[in-house]
Amino acid sequence: MEKDKLKDKFTEERILNAASGMLMLFVSLLGILLGVVVVVAGGFYMGASRPAAGVVLTISIILCVALETAGIIMLCGLKVIHPNEALVLTLFGNYYGTLYSPGFYWVNPFCTAINPTAGHKEAAPKEAGSKEVAVNINLGQTSGSKIVSLKTMTLDNKRQKVNDELGNPVEIGTIVIWMVKNATKAVLNVENYKEFLSIQCDAITRNAARNYPYDANDGADEKTLRGSSQEIADIMQEELQKKVQEAGIEILDVRITHLAYAPEIASAMLQRQQATAIIDARQKIVEGAVSMVEMALQQLSENQIVELDEERKAAMVSNLLVVLCGNKDAQPIVNSGSIY
């Protein structure tokens with residue numbers, strides 16, 4: 001309980017109403033200028049050989065040092081915030097506040113901006129099929145700035161090999177469109193919010209692939225990675241949002257960018273798909289041929305074009321099915337004599 005209370009104390013966001021940076025810049029420069037004026041005046045006073053000139057000069061030097069030091073320290077409190085940026089500040093180890101509004105501000109010069117992703121170098125991505133597959137690399141450019149970006153960013157989860165619900169190895173890759181919604185949580189609640197998002201995205205992608213088959217079995221009515229990619233992407237987005245809520249991150253969209261069988265079984269699965277397609281095509285051809293034969297016999301009977309006994313009807317049906325269902329064009333033999 002004490003740990004949770006302490007955590008809530010630091011993650012409760014405090015929006016700063018900072019002073020105008022232009023005003024404090026003017027005050028700082030004025031202080032530095034006054035320090036120079038004081039020491040120069042003390043020098044003139046000493047040069048005039050007036051009483052207690054040494055004491056006056058000493059006091060003027062002390063005032064000059066104090067004014068110069070104060071002016072320089074005050075200059076350290078100037079902060080510039082660009083649009084879609086935030087600055088999380090701490091004071092002597094305690095959370096001080098967060099700046100969101102763009103502008104030129106002055107804050108306590110002893111405050112320190114924190115951003116665990118600043119200066120963080122990310123490993124170069126590796127292609128799938130190598131001994132080590134790197135995922136979740138493209139998280140934005142590395143910067144040494146302590147500013148927390150609130151812009152919309154893309155996480156590119158490189159293709160990775162996982163097993164689907166049926167145990168078939170598949171390759172799947174996703175992209176995540178995301179943004180920092182709460183800069184205070186992103187900085188204070190997790191060690192590195194970019195790495196945190198990357199790892200959670202990797203786990204969600206693997207979990208989704210394991211919960212659904214790549215393709216449905218014959219006649220099965222179920223969600224599949226290939227046939228229900230949009231629905232599964234929506235489920236992944238909802239689950240990922242729950243995982244990164246604590247880090248102050250909002251997931252805008254999740255999309256499956258790559259989905260295929262692993263190379264070791266891709267050939268066999270392709271043959272299976274081809275066989276299924278051929279069977280489906282043959283079934284359609286047979287259904288159409290039977291319908292055409294039935295229509296031909298019905299019209300011959302209704303129009304009384306020719307009277308056929310059962311044997312002749314069977315021969316006609318056989319010949320028509322051969323012509324309609326054959327892979328190659330039939331070569332008919334014309335009978336110029338009587339069929340009886």
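Predicted model: local features only at pLDDT ≥ 70, side-chain atom pairs only at ≥ 80, totals over all residues.
The model counts local features from pLDDT of at least 70 and side-chain atom pairs only at pLDDT 80 or more, while totals for chains, interfaces and linings use all residues. Residues are numbered from 1 along each chain as its sequence is written, and side-chain values use heavy atoms, leaving out hydrogens and water.

Me: Why is K242 called exposed?
Reply: Exposed means over 50% relative accessible area, buried under 20%, and partly exposed in between (1.4 Å probe, protein chains only). K242 has 62% relative accessibility, so K242 counts as exposed.

Me: What makes D253 partly exposed?
Reply: Its relative accessibility is 22%, so D253 falls in the in-between class. R255, at 33%, is partly exposed too.

Me: How do you know that D253 and R255 meet in a salt bridge?
Reply: A salt bridge needs a side-chain nitrogen of Lys or Arg within 4 Å of a carboxyl oxygen of Asp or Glu. For D253 and R255 the N to O distance is 2.8 Å, so the pair qualifies. The structure holds six salt bridges.

Me: What makes K223 and E231 a salt bridge?
Reply: Their side chains sit 3.7 Å apart, N to O, so they meet the cut-off. E231 is partly exposed at 42%.
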